[in-house]
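The exercises below are meant to be worked through with the sequence and the model open side by side. Try each task before reading its solution.

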Amino acid sequence: MNEKELKLFMKKVDKKPLPKKWDDFVNKITIKHNVIHKNRAVCTCTNCNNKFDTGKIKIGDLATCPHCKNKYAVMGGYLYYRGQSFEESVIVCQKINKQIVVRVIEIYTYFNRIKGEMKTTTQEYARIIAGVGTFLSDATYFFMGHQHIYHNVKNSYWRKYEGCREYPSLRAFPYNKKRLIKGTNLEYAPIDEFLSENYMYNFVDAVLLASYPHFESMWKMGLKNLAKSADKFKKTGTFQKVYGLSKSLLPFMIENNIDYRDYQVLKIIKEPNFTAMKDFRNVNLNRLRKLNKKVRITKHSAICAELCNHEQKDLDYILKYTKLNKLVKYKQIVNNFYLYKDYLKFIEKLGFDMTDTKYLYPKNLKELHDKYESELTIKQNMEIVTKIYERFLDLSNYIYENDKYIIYPAPQFESFEEESRMQHNCVRQYAESHANSETEIYFMRDKTNMDESLVTVEYRDGLIIQQQQKSHEQTTKEQAEFLNKWLKFRNKKRRIIFEKPERTLFVA
Ligand SMILES: [Zn+2]
């Protein structure tokens, strides 16, 4: 059905009246769309409009109206200021020009506060054309995942709906099943057979499914699970054209009664390999397609499935060093993908030869992962120790003293730990930024008590941006004056950096 045909057909549906007993059907539903309004000693039933004595009835109860005998919720004064409404969507199955159409209609009842009574309106908002698809009208809109229906909308435009709302499972206006399919191409379709084996589907589901051109042939061939996705096969012609697969695969497909997901995998692997089909059942198919271009995925399905299930960036990282055709033979990676990724990162940082297969595919992955992890930690600590000492040399011309105090740059890694222990402050985390020249950390001491921490100073961009005392005490006036003088000294004095000797010179 092209756009023009669709428009024409929708006009025919517009002209087709709803079934004769439609109003009775609506009344049967809306009779439940009522409440009992309680005003002190008097109750009013919105269904029959009769009044009766409240008796023991309380707001919030479910009570039976003594006149119409229906059971309704009892509401108080808030019925008048907040209102009340009910809604239910139903379907009407019709046949127009041998074409089955399912019309979805909302029945909406609301409390009219001026007249003090319930009012009902109906609005058709969706149509399912069997074998074609589902269409929504202007009356339907979605807000935050919820479907809302405008009423009193004249449907003029229908848009295709690909979402997953299950309109066919709504309450249906009673119809004769045989009469519905009589004269259509579904008259002899295996609908009853299908329903007897698939209790999750109702008659309307089955009719809609059976309307797709390949349903019947799939069912009869024995592709019973695949037939449930008959709507996804739109091409016509040979087996190869319809399924995009060689017909030689048909016996395999039937034998395993494959479903649509299996079919998608099969389309990639293109060979009757049950293990691979199951291994790839839950993987990201786009990644599987990519792998398939580079390696024989069915031969290494467990590993390829593992590789497909991880983030592309992690996979890319691993493939930066390894070759896919070698990686798929490396069994230790199964269920150990992240361990392996970390392992590669460790040996990369430790400076291993990343082209050497004996490092790339170790026999005892777990053991070496742990070993290199601790080696890396030690190496990184060593680096910091060296850097901090180099920093001390760089900054040592800012050492400053008077009779009482002295201030000097952090001399070594351990001094950070010591300082933070004595002061209970967080100087330890500065060790790294100090080592990396992002900030400068100085220690101020009392010259008569050099072993004890006094003030820790952080200097950056010409300012003391932090000064920490033991347990966050305040600096005394005397200490503050000393720090001020040092700051002037620090800012005035040009930084003299002696060039570092080339380390390679020492190697020989
Ligand atoms: Zn009543």
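Predicted model: local features only at pLDDT ≥ 70, side-chain atom pairs only at ≥ 80, totals over all residues.

**Exercise 1.** Place the strands in their sheet, and explain why strand 14 and strand 18 are each left without a neighbour on one side.

*Solution.* The sheet is open and consists of five strands in the order 14-15-16-17-18, with antiparallel pairing. Strand 14 (400-401) and strand 18 (463-469) stand at its edges, and because each has a single partner strand, one side of each has no neighbour in the sheet.

**Exercise 2.** Describe how helix 14 and helix 16 are arranged, and which residues make their contact.

*Solution.* Helix 14 spans residues 312-321 and helix 16 spans residues 337-349; their axes come within 10 Å and cross at roughly 50 degrees. The two helices are therefore oblique to each other, and their crossing is left-handed. Helix 14 contributes Asp 314, Tyr 317, Ile 318 and Tyr 321 to the contact, while helix 16 contributes Tyr 340, Lys 341 and Leu 344.

**Exercise 3.** How many Å separate the centres of domain 1 and domain 2?

*Solution.* The domain assignment of the chain gives domain 1 as 3-172 and domain 2 as 385-492. Taken over C-alpha atoms, their centres are separated by 77 Å.

Terms used:
Residues numbered from 1 in each chain as written. Pairing = 2+ DSSP bridges. Helix = DSSP H or I, 4+ residues; strand = E, 2+ residues; numbered from the N terminus. Domains from an automatic or database assignment. Axes fitted to C-alpha atoms, helices over the stretch in contact; angles between N-to-C directions. Parallel < 35°, antiparallel > 145°, perpendicular 65-115°, else oblique. Left-handed = near helix turned anticlockwise from the far one by under 90°. Contact = placed C-beta atoms within 7 Å.
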